[in-house]
Amino acid sequence: MPDTTVDSTSPAPLTLLGLGAMGAALARTWLAAGHRLTVWNRSPGRTAELAAAGARVAATAAEAVAASPLVVTCLLDDASVREALADADLGGRDLVDLTTSTPAESRSRAAWASGRGARFLDGGIMAVPPMIGVPEAGGYVFYSGSREVFDAHREVLAVPAATRYVGADPGLAALQDVALLSAMTAMFAGARHAAALVAEAGIDQKAFGALVAEWLTAMAPSTAAYAGGPAPEDPTSAAVAEAGDAALLRTAREQGVDTALLIASSGAMEGV
């Protein structure tokens with residue numbers, strides 16, 4: 001078992017596996033805060049910048065894991081995590097996984113880590129790389145799983161982005177992460193659909209894009225109702241709403257834009 005005693009006057013050591021855009025952003029913030037960081041990436045070429053900034057570069061994932069009591073993974077998917085850690089000794093380590101996954105995958109990974117002798121905490125990052133290390137940007141990370149791991153490393157985990165512990169069930173962070181990403185995906189799809197409708201109409205695209213952003217911002221507070229929040233008053237009758245939906249479909253057909261998004265949205269709204 002590794003020595004987990006850390007001098008309280010110096011930033012804690014940690015290991016990070018995965019140096020894609022998000023992993024590199026995480027690494028830079030921990031290094032800037034003075035943490036002793038060991039990194040590993042499948043493609044070694046991505047480590048040069050971080051090595052120059054003071055990171056220790058491990059030749060293998062197993063070597064990186066051995067370097068620190070706290071191990072953070074930020075890899076492509078669940079299979080990548082298992083493959084990277086296949087030969088590592090996880091005994092006595094605290095494993096924090098920031099890889100996007102499903103709730104079931106996170107629960108399975110927690111059991112897998114426990115079987116390997118590690119304590120496990122799952123994380124869902126609600127930020128894009130430029131938001132990491134920028135508190136005013138509003139990014140944060142959902143965490144679920146071992147409360148002991150979260151409490152032990154709260155200060156380290158809060159360096160890149162704010163933290164939100166959401167429960168002992170390891171799948172809760174992934175569930176809320178993916179749920180919010182799903183809402184975002186549908187929003188972007190709607191914005192692309194709107195842009196396609198006006199693309200051939202001689203309308204200033206930049207100006208119209210600003211209108212889309214303003215309209216979605218104005219409508220955003222109403223979305224809370226779909227998750228059990230207070231429903232805003234809506235005097236629109238069912239007949240008027242149905243006629244409005246039909247007009248959306250007819251307009252899309254007139255403009256030569258695919259109606260699949262509107263049809264799917266109409267089906268999703270039934271019974272809401």
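## Report on a predicted single-chain model

Buried residues, meaning those under 20% relative accessible area with a 1.4 Å probe and protein chains only, make up 37% of the 272 residues in the chain. This is a predicted model, in which local features need pLDDT of at least 70 and side-chain atom pairs count only at pLDDT 80 or more, whereas totals for chains, interfaces and linings use all residues. Residues are numbered from 1 along each chain as its sequence is written, and side-chain values use heavy atoms, with hydrogens and water left out.

Along its principal axes, the C-alpha trace of the chain spans about 70 × 35 × 35 Å.

Strands of a sheet pair through backbone hydrogen bonds, either parallel or antiparallel. Here an open sheet of 8 strands with mixed pairing has the order β3-β2-β1-β4-β5-β6-β7-β8, where two strands are taken to pair if DSSP finds at least two bridges between them. The edge strands, each pairing on one side only, are β3 (56–57) and β8 (162–165).

β1 and β2 pair in the parallel sense over 4 bridges, and leucine 17 has tryptophan 40 in β2 as its bridge partner. From β1, Leu14 and Leu16 point one way while Thr15 and Leu17 point the other way, and all are buried. β4 and β5 are likewise joined in the parallel sense, over 4 bridges, with leucine 70 standing opposite aspartate 94 in β5. Strand β5 (residues 94–97) directs Asp94 and Val96 one way and Leu95 and Asp97 the other way, and all are buried. By contrast, strand β6 (residues 119–126) and β7 run antiparallel and are joined by 6 bridges, and glycine 124 stands opposite phenylalanine 142 in β7.

### Core and cavity

In soluble globular proteins, nonpolar side chains tend to be buried together. A nonpolar core is defined here as a set of buried Ala, Val, Leu, Ile, Met, Phe, Trp, Tyr and Cys residues joined through side-chain atoms within 4.5 Å. The largest such core has 30 residues, of which Leu16, Leu26, Val72, Val96, Leu98 and Tyr143 touch the most other members. At least two residues of this core come from each of β1 (14–17), α1, β2 (37–40), β4 (70–73), β6, β7 and α6 (147–157), and the largest share, 6 residues, comes from α1.

A cavity is a set of points on a 1 Å grid over the protein atoms alone where a 1.4 Å probe fits but cannot get out, and its lining residues have an atom within 4 Å of a point. A search of the whole structure finds 1 cavity of 30 Å³ or more, and the largest cavity has a volume of about 30 Å³, a volume being the space filled by probe spheres set on the grid points, which are joined across faces, edges and corners. Its lining consists of Leu26, Trp30, Leu98, Val141, Tyr143, Leu157, Pro160 and Ala161, and the elements that give two or more residues to this lining are α1 (21–32) and β7 (140–145). By class, the lining has 8 nonpolar, no polar and no charged residues, where Ala, Val, Leu, Ile, Met, Phe, Trp, Tyr, Cys and Pro count as nonpolar, Asp, Glu, Lys and Arg as charged, and the others, Gly among them, as polar.

### Helices and selected residues

Two helices are set out below, with an expected span of 1.5 Å times one less than the number of residues.

| Helix | Length | C-alpha span, first to last | Expected span |
|---|---|---|---|
| α7 (172–198) | 27 residues | 40 Å | 39 Å |
| α9 (238–254) | 17 residues | 24 Å | 24 Å |

In α7, the buried residues are Ala173, Ala174, Asp177, Ala189, His193, Ala194 and Val198. α9 is followed by glycine 256, whose phi is positive, near 70°.

Glutamate 242 is found in helix α9 and counts as exposed, a class that begins over 50%, because its relative accessibility is 60%.

How values were computed. 1 Å grid on protein atoms, 1.4 Å probe; cavity = no way out; pocket = protein on both sides within 12 Å on 5 of 7 lines; lining within 4 Å.
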